[in-house]
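Hi,

Here is the structure I promised to pass on. Have a look at it first, and then read on for what turned up.

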Amino acid sequence: MAARPTSSSGKKPVAIIMGSQSDWATMQHAAETLDRLKIGYEALIVSAHRTPDRLYAFAKSAHKKHKIIIAGAGGAAHLPGMAAAMTTLPVFGVPVNATALDGQDSLLSIVQMPGGIPVGTLAIGKPGAINAALLAAAVLALNDKPLAKRLAALRKAQTAGVAKRPKSDAADVAPRTTGKKRRT
């Protein structure tokens, strides 16, 4: 089930913001993770560069509707930091691999915030988006026992899904050697 951006109606403790439509390919993984945990969210395109007035309006009023912001951005990746500069809500930044530098530029941009303007920076791409959602869930679960149970169940299922031993596939197994050198 692919997550879809939600409307602004209902309880949405998490805002997922991104700089452009193309960032949704990465940020949908945060949305899908929040869906699995039954956490409401609102997904918005809020570009730090192309829609600065929209960013300002969002960040200044975010505390009225949300508790946490997950901000994905590629390239110069100013969105997470600019949002964090205008709100006291926790902001989790997800570097999107949108340029020839495969997200390294975004990672460095997001992680290098000056002291006093915190942005929790996650991994580049899909793993970062998933972990941002899990981190948001962990913060929200501090004051939400049913959510804490759902998060614990998800983590337990994740652990249970890891095999103890690797599966052996004859085509993938290299021939064993005895360690003796063969004379030619």
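What volume does the second largest pocket have? About 200 Å³, bearing in mind throughout that this is a predicted model. Its lining counts 16 residues, and those closest to the centre of the pocket are Gly 19, Asp 23, His 49, Arg 50 and Gly 74. Sorted by class, that lining comes out at 7 nonpolar, 7 polar and 2 charged residues.

The largest pocket has a volume of about 250 Å³. Around it you'll find Lys 11, Pro 13, Lys 38, Ile 39, Gly 40, Lys 67, Val 139, Leu 140, Asn 143, Asp 144, Leu 147 and Arg 150. Two elements give two or more residues each to this lining: α5 (126-141) and α6 (145-160). The class count here is 5 nonpolar, 2 polar and 5 charged residues.

Now for helix α1, residues 24-36. I checked its length: with 13 residues at 1.5 Å a residue, the helix should span 18 Å, and because its end C-alpha atoms are 18 Å apart, the two agree. (The expected span takes 1.5 Å times one less than the number of residues.) The buried residues of α1 are Trp 24, Thr 26, Met 27, His 29, Ala 30, Ala 31, Thr 33 and Leu 34.

On to the interior. Nonpolar side chains tend to be buried together in soluble globular proteins. In this model the largest nonpolar core has 28 residues, and Val 14, Ile 16, Leu 34, Leu 37, Ile 39 and Ile 70 touch the most other members. Elements giving two or more residues to this core are β1, α1, β2, β3, β4, α5 and α6, with α5 providing the largest share at 8 residues.

Leu 37 deserves a click in the viewer. Setting aside neighbours within four places in sequence, Leu 37 is in contact with Leu 134, Ala 137, Leu 147, Arg 150, Leu 151 and Leu 154.

Cheers

Technical notes: Residues numbered from 1 in each chain as written. Predicted model: local features only at pLDDT ≥ 70, side-chain atom pairs only at ≥ 80, totals over all residues. Heavy atoms only, no water. 1 Å grid on protein atoms, 1.4 Å probe; cavity = no way out; pocket = protein on both sides within 12 Å on 5 of 7 lines; lining within 4 Å. Points joined across faces, edges and corners; volume = space filled by probe spheres on them. Helix = DSSP H or I, 4+ residues; strand = E, 2+ residues; numbered from the N terminus. Nonpolar A, V, L, I, M, F, W, Y, C, P; charged D, E, K, R; others polar. Buried < 20%, exposed > 50% of the residue type's maximum accessible area, 1.4 Å probe, protein only. Core = buried A, V, L, I, M, F, W, Y, C linked by side-chain atoms within 4.5 Å. Contact = heavy atoms within 4.5 Å.
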